[in-house]
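Hi everyone, thanks for making time this morning. Let me put the structure up, and then we can walk through a few side chains and strands together.

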Amino acid sequence: MLAAISLSLLASGLYAQTSPLAITLRAVHSENNNEKKIEATLTSTQIVHFPCSGVSMLKVSVYGPDGTVARDTAKGAARKTAQSTSPSHSTICISDTMEPGQSVKESIDVGELYEMNIPGTYIVQLKFDIPGGPPISSNKLSVVVK
């Protein structure tokens, strides 16, 4: 049984100055105790050119209270299958160009994508794959399920 959750930042999400993009996670307050929503903000630190192709996507990782990868829900498994052919609701696609300081935001209910029904602290982190570049990681966010 899921009860109220609290969300808090574990790290400030500092990034190397040479990284063209930064990802920052924050908690999203919800009146629904079953929702575990987060907001990811992708911010360009320099001019970035790339097509929206489904190749550039935000990947969600959730680790359970025991430190192992949380299991996918049926919706989470379907999303991963769909991402191999087209973007889904938890994929950020940017078309053409992002200017320095430009941001794109995406709200994600990680509770819809991962089984998070055991009380404890879950760790959420996102990675964004840039074609031809290294993945960029977000700060870590703790999700406490009571």
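Let's start with a pair: the side chains of E39 and R26 form a salt bridge, with N to O at 2.9 Å. By salt bridge I mean a side-chain nitrogen of Lys or Arg within 4 Å of a carboxyl oxygen of Asp or Glu. E39 sits in strand 3 (residues 37-44) and R26 in strand 2 (residues 21-27), so this pair ties together parts that are 13 residues apart in sequence. Helices (H or I, at least four residues) and strands (E, at least two) are DSSP runs, numbered from the N terminus.

Before I go on, a word on where this comes from: it is a predicted model, with residues numbered from 1 along each chain as its sequence is written, and local features need pLDDT of at least 70, while side-chain atom pairs count only at pLDDT 80 or more and totals for chains, interfaces and linings use all residues. Side-chain values use heavy atoms, leaving out hydrogens and water.

Back to our pair. Is E39 buried or exposed? E39 is buried, at a relative accessible area of 15%, whereas R26 is partly exposed, at 43%. The cut-offs there are under 20% relative accessible area for buried, over 50% for exposed, and partly exposed in between, with a 1.4 Å probe and protein chains only.

And what does E39 touch? Leaving aside residues up to four places away in sequence, E39 touches T24, L25, R26, V28, K105, E106 and S107, where contact means heavy atoms within 4.5 Å.

How many salt bridges are there by this rule? The count comes to two. The other pair to look at is K75 with E112, whose closest N and O atoms are 3.1 Å apart. K75 lies in helix 1 (residues 74-83) and E112 in helix 2 (residues 110-113), so this bridge ties together parts that are 37 residues apart in sequence. K75 is partly exposed, at 42% relative accessible area, and E112 is partly exposed too, at 34%.

Strand 5 pairs with strand 8 (residues 120-128) in the antiparallel sense, over six bridges; strands pair if DSSP finds at least two bridges between them. Within that pairing, Y63 stands opposite I123 of strand 8.
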